[in-house]
Amino acid sequence: MAISFVDNFVLTIDGKKVASSETKDVINPATEEPFAVAPIATPQHLEDAVNAASRALPSWSATPVEKRQEMLSNLGDLVARHLQQFAELLSKEVGKPKAAAGKEVGGLVAWLKAAVSHSLPDETIVDTPQRKVVVRYVPLGVCAAITPWNFPLTLMAWKLVPALVTGNCLIVKPSPFAPLGTLKFGELAQQVLPPGVLSVLSGNDELGPWISKHPGIAKISLTGSVGTGKKAMASAASTLKRVTLELGGNDAAVVLDDVDPKAIAPKLFRGSFMNTGQVCVAMKRIYIHENVYEAVRDALVEYAKTVKVGDPLDPSNEVGPVQNQMQFEKVKIFFDDCDQNGYKFALGGKLVEHRKGYFLPITIIDNPPELSKIVQEEPFGPIVPLLRWNEEDDVVKRANDTNLGLAASVWSNDLDRAQNIARRLEAGTVWINEVQTTHWDQPFGGFKQSGVGVEHSKHGLYSWVNIQSLTLNRALL
Ligand code: NAD
C-alpha cells in the first residue's frame, strides 16, 4: 500500500495508524519554517503500545529466528524501494544534505538486511550420559529504543535489528526535533511485521521519562547526551530495567609528524564537520604534532574554504544547518567563548546575521588553551580546535584527560607507532587512518561516561536477552 511521505504523520500502535489530538510543528532547520505536524503521544498511547507489545510477544518470541531474520531483511527491501522519499524527508527535518541523507537511509537498509547474520542459538556446554547443560538466550520482553535527532534512522536501526531478531517487541521513540522519518518507518514496517511487534511513538519531553520508568518495559536502549543518559538510568533503576546507553563524546584525533598535510586535510575535515559536526564520534579535538602543525592547519583551512554551506536540498552544499534552535544557541556559546577569550580563529567565527536557517560557519580554532571550554566540552556543531603537541606521552595524557571515552583516531604513515599510541587511548572505538566507520559485527560503545554497554556484534546482541542456564540431570528418580 502506498504511503505519503509529506503529510499524515501518525503514531503506530498495535499495527494501526493512530492520530493524536495533541500535535507539534516540525521545523525545517534550513528555513526555520514549520513544514509538517507530528503527533504527541499521551500516557494512554504508551499504555496501548506496551499492551500491544505484550500481546504480540509470545508469538513473536516463539517465531523461528530464521523467519524473524527474513521479515527484517524484507523490511530492508521495502525501505530501499522508498529510499528517495525517506532521504528527502530526512533532509528537511534534520537539515542533512540530500546525498548524506540517502547514505543514512542506505545504512538503515544495510542493517535490516544484515539481520540474517544475527542469531544467538542455544549452546550446549556439558553433554554427558549423566547431564546436559544448555545456555539459552531468552528475549527480555517489551523493550524501548530512544533516539536523538542527528541520525534518527541509523541509530534506530542499531537498536531495532538486534532487539527484534532476538525475539523482543520494541517501542521506538524518536527525538521531538526529528520524529518524521521514524514515524513513516513505523508505518511502513507494518506491511511486514505482525501487529504490536514494533510501535512508534513521538512526543514531547515527557515521553522519554514515562518510558524509562514504565514497569512493563524490560529494557531501554538510549542514544543521547550524557545528562539524559544519567536521568534515564536513574529512572530505570526503579524497575531495574536493563539499559544500554550510547552517549556523548569528546573524541581526540592525534596527528603524527609524518603525514602529508594535503592528503590528510579532507579526512580531518570530514571527520570534524560531516553532518555539521553533529556526530557523536566527530573529531572534537585535533592534536597535531608541532613539526607539521602549521602545514596541516593551513591545508585544512584551504580545504574547508572549498566546501559550501547552505540549503541541504541544493546538491552543491556539503554542510547544512544546525538541526534545531536549542542546539544552535548552545553551539553559539562556544563561538562567543572563543571570541571573548581572544582565541585565534584559523577559519570562520563570524556569524551571518539575518540569515534564515540555523546556519553557522565552519570554524577552526587555532591552538586554544587545553583547559578552554572548546577543548573540554562537546560542542556538537561546526567548530573544532587544533592543538599542538611534541611528546607522545603528553599527547596521550591530554587525549585521555576527560570523563568521556567514545572514540579517538591516530593518523600516521608509521603504522607501528600509530598502533602503540592507539592502544593507549581510552575510548570504545579507536581508528587508525580512518574515522567514523562502523560494522554490525564491530562492537560500538563508550568508555567512562560515554556510555554503558555496546551495540553491534554478539556483545550487542547479548544485551537484548536474558541468559538462562538450563541443566538436565538424566538420572531417573
Ligand atoms: P538528548 O539527550 O537531548 O535526547 C536524546 C533522546 O532522549 C531524545 O529522544 C529525548 O527526547 C530523550 N530524552 C530526553 N530526556 C529523557 C529522559 N529523562 N528519559 C528518557 N529519554 C529522554 O540528545 P540529542 O540532543 O537528541 O542528541 C545529541 C547528543 O547525543 C550528543 O551528546 C551526542 O554526542 C549524543 N549522541 C551519541 C551517540 C552515540 O552513539 N554514542 C550517537 C548520536 C548522538
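Mentor: In this predicted model, the C-alpha centres of domain 1 and domain 2 lie 30 Å apart. The domain assignment gives domain 1 as 11-247 + 450-470 and domain 2 as 252-442.

Trainee: How do you know that residues of domain 1 are in contact with residues of domain 2?
Mentor: Contact requires heavy atoms within 4.5 Å, and 32 residues of domain 1 are in contact with 33 residues of domain 2. The two domains bury about 2,600 Å² between them, with 63% of it on carbon and sulfur atoms. In domain 1, Glu-32, Trp-149 and Ser-450 lose the most area to domain 2, together 22% of what that side buries.

Trainee: What makes the meeting of the side chains of Glu-33 and Lys-356 a salt bridge?
Mentor: The cut-off is a Lys or Arg side-chain nitrogen within 4 Å of a carboxyl oxygen of Asp or Glu, and for Glu-33 and Lys-356 the N to O value is 3.9 Å, so the pair qualifies. The count between domain 1 and domain 2 is one salt bridge, while 11 residue pairs are in polar contact across that interface.

Trainee: Turning to the sheet, why are E5 and E24 said to stand at the edges?
Mentor: Three strands form an open sheet in the order E5-E6-E24, with antiparallel pairing. Strand E5 (123-127) and strand E24 (465-473) each have a single partner strand, so one side of each is left without a neighbour in the sheet.

Trainee: How do you know that E5 and E6 pair?
Mentor: Pairing needs at least two bridges, and four join E5 to strand E6 (residues 131-139), so the two strands qualify as a pair. Within E6, Val-135 is the bridge partner of Glu-123.

Key: Residues numbered from 1 in each chain as written. Predicted model: local features only at pLDDT ≥ 70, side-chain atom pairs only at ≥ 80, totals over all residues. Heavy atoms only, no water. Domains from an automatic or database assignment. Buried area = accessible area lost by both parts, 1.4 Å probe. Polar contact = N/O pair within 3.5 Å; in protein donor to acceptor, adjacent residues only side chain to side chain.
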